[in-house]
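Q: I've never looked at this structure before. Could you walk me through how to read its features?

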Amino acid sequence: MSKFWNELVQKLDPYVPGEQPKDKKYVKLNTNENPYPPSPKVVKAIKQAVNEQLRLYPDPNADELRKTAAEHFQLDPEQIFVGNGSDEVLAFSFMSFFSAENPVAFADITYSFYKVYANLCSLSPKIIPLNEDFSLPVKAFCEPNGGVVIPNPNAPTGRGVSLSEVKEILEANKDHVVIIDEAYIDFGGESVIPFINDYPNLLVIRTLSKYSSLAGIRVGYALGQKELIDGLNRVKNSFNSYTIDRLALAGAKAAIDDDAYYQEMAKKIVTTREQTIERLQNIGFTVVPSQSNFIFASHTEVDAEVIFHELRDHGVLVRYFNQPRISNHLRITIGTDEEMDKLIDALKLILKK
Ligand SMILES: *Cc1c(COP(=O)(O)O)cnc(C)c1O
């Protein structure tokens with residue numbers, strides 16, 4: 001606490017990012033980064049953007065990137081908003097569309113940044129408990145809400161929601177914005193982007209951090225009808241007009257243009273995921289069905305927290321959440337096959353003790 005902090009800052013409960021340790025080299029399965037490098041075309045585009053033009057501000061509207069994304073998703077460029085990582089896009093969305101009078105709803109077990117944004121915007125969110133098996137209680141999300149935020153697939157569980165379920169929620173919340181956070185959609189989920197022209201209340205949020213292997217350049221975007229995008233632009237231009245730098249703009253455009261490369265990588269990750277699930281089940285883990293590049297698992301006999309610390313000693317980092325309902329689970333990012341071999345070898349040693 002500091003006497004210099006205002007009341008809002010005193011009450012904040014900030015997000016704690018997964019660690020990026022520097023003490024030694026770990027098998028890093030804790031922040032859902034892509035284990036494969038970005039497309040070589042992306043690296044080339046970023047290198048080409050390192051030139052004297054850097055003295056000039058970047059395009060505040062990200063016109064070229066939005067045009068590329070619009071073609072890719074068969075939308076209009078005016079239906080796309082680009083931000084500095086989807087975290088920023090989410091924060092702007094909370095500021096634009098939700099209010100304290102009518103609480104926004106999200107699940108008890110979900111991306112923990114939602115609660116942080118709600119807190120930052122002084123909203124008292126409506127927290128809806130997931131079902132016992134971590135599936136989404138669709139009916140509860142159809143009750144009167146001041147908006148809805150759902151990651152599909154969910155984090156940190158990896159479970160997806162079906163298109164018909166999202167449709168039900170969109171129909172029931174016609175007067176409020178429904179955000180579908182598709183950070184992990186390309187690892188096996190079904191995107192609701194085709195619903196955008198039918199639902200003025202739908203905002204889809206995407207990131208280049210996971211699927212496009214570009215967590216390091218910070219680009220995310222929102223897709224929705226123009227009215228919603230205009231709202232986001234009002235907030236952005238009241239905050240910082242130049243949120244995406246020239247290198248990020250160049251890299252992001254190249255990434256969207258080289259989707260074929262990323263589809264291959266995602267296929268590899270899905271194959272590794274399915275193999276890893278089977279191997280974990282063979283050594284006594286229960287694994288939640290996953291449509292993501294991570295899995296959520298608990299062991300039938302050994303505490304998740306114990307396994308988490310011991311894995312760290314073996315040089316393998318996974319994510320542990322000391323939170324109600326999930327304190328006996330580990331979230332494990334899918335790495336390369338070699339990395340998963342190291343994980344399984346370490347787990348076998350730990351479980352033998
Ligand atoms: C990783 C993640 C994000 C944030 O992605 P950035 O674009 O890197 O800010 C958003 N939502 C969910 C559910 C995530 O897991």
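Q: Where does lysine 210 lie?

A: Keep in mind that this is a predicted model. Lysine 210 sits in the loop between strand 7 and strand 8. The UniProt annotation "modified residue: N6-(pyridoxal phosphate)lysine", from an unreviewed entry, covers Lys210.

Q: Is lysine 210 buried or exposed, and what is the relative accessibility behind that?

A: The idea is to compare the accessibility with a cut-off: buried means under 20% relative accessible area. Lysine 210 counts as buried because its relative accessibility is 16%.

Q: Which residues is lysine 210 in contact with, leaving aside neighbours within four places in sequence?

A: With those neighbours set aside, lysine 210 is in contact with Thr31, Asn32, Asn34, Ala183, Tyr184, Phe187 and Asn293.

Q: Where is serine 212 found, and what does serine 212 touch?

A: Serine 212 is also a loop residue, placed between strand 7 and strand 8 (220-224). With a relative accessible area of 5%, serine 212 is buried. Not counting residues up to four places away in sequence, serine 212 touches Pro38, Ala255 and Tyr262.

Q: Let's turn to strands. How should I read their pairing, and how do strand 5 and strand 6 pair?

A: In general, the strands of a sheet pair through backbone hydrogen bonds, in either a parallel or an antiparallel way. Here, strand 5 (residues 148-151) pairs with strand 6 in the parallel sense, over 4 bridges. Valine 149 stands opposite isoleucine 179 of strand 6. To get from strand 5 to strand 6, the chain passes through helix 7 (residues 163-172), and this β-α-β crossover is right-handed.

Q: How do strand 6 and strand 7 pair?

A: That pairing is parallel too, with 4 bridges between strand 6 and strand 7 (residues 202-207).

Q: Which residues cover the two sides of the story for strand 6, and are they buried or exposed?

A: Look at each face of the strand in turn. On one side of strand 6 (residues 178-181) you'll find Val178 and Ile180, and on the other Ile179 and Asp181. All of these are buried, and both faces of strand 6 are covered.

Q: What about the open sheet: in what order do its strands come?

A: Follow the pairings across. The 4 strands of the open sheet come in the order 9-10-13-12, with antiparallel pairing. Strand 9 (285-287) and strand 12 (319-320) are the edge strands, as each pairs on one side only.

Q: How many bridges join strand 9 to strand 10, and which way do they run?

A: There are 3 bridges between strand 9 and strand 10 (residues 294-299), and the two run antiparallel. Together they form a hairpin with 6 residues between them. Phenylalanine 285 has histidine 299 of strand 10 as its bridge partner. Threonine 286 stands opposite serine 298 in strand 10. Threonine 286 and serine 298 are 12 residues apart in sequence and 5.4 Å apart in space, C-alpha to C-alpha.

Q: What is the relative accessible area of threonine 286?

A: The value is 45%, and threonine 286 is partly exposed. Leaving aside neighbours within four places in sequence, threonine 286 is in contact with Phe296, Ala297, Ser298 and Thr300.

Q: How many residues of strand 10 are buried?

A: Strand 10 is mostly covered, with 6 of its 6 residues buried. Phe294, Phe296 and Ser298 point one way, while Ile295, Ala297 and His299 point the other way. Strand 10 also pairs with strand 13, in the antiparallel sense and over 4 bridges. In that pairing, alanine 297 has leucine 330 of strand 13 as its bridge partner.

Q: Which strands does helix 10 lie across?

A: Helix 10 (residues 259-282) lies across strand 9, strand 10 and strand 13 (330-333), and runs at about 145° to strand 9.

Q: Finally, how do I read a helix, and which residues of helix 2 are buried?

A: An α-helix has 3.6 residues a turn, so residues three or four places apart point the same way. In helix 2 (residues 40-49), the buried residues include Val42, Ala45, Ile46 and Ala49. Seen down the axis of helix 2, its buried residues fall within an arc of 95°, so they line one face. The face turned away from that buried side carries the exposed residues Pro40, Lys44, Lys47 and Gln48. Helix 9 (246-257) and helix 10 are among what covers the buried residues of helix 2.

Methods:
Residues are numbered from 1 along each chain as its sequence is written. This is a predicted model: local features need pLDDT of at least 70, side-chain atom pairs count only at pLDDT 80 or more; totals for chains, interfaces and linings use all residues. Side-chain values use heavy atoms; hydrogens and water are left out. Buried means under 20% relative accessible area, exposed over 50%, partly exposed in between (1.4 Å probe, protein chains only). Two strands pair if DSSP finds at least two bridges between them. A crossover is right-handed if, with the strands pointing away from the viewer, the path from the first strand over the helix to the second runs clockwise. Contact means heavy atoms within 4.5 Å. Axes are lines fitted to C-alpha atoms, for helices over the stretch in contact, and angles run from 0 to 180 degrees between N-to-C directions. The arc is that of the directions from the helix axis to the C-beta atoms. UniProt positions are given in the numbering used here, feature names are shortened, and annotations may be inferred rather than shown by experiment.
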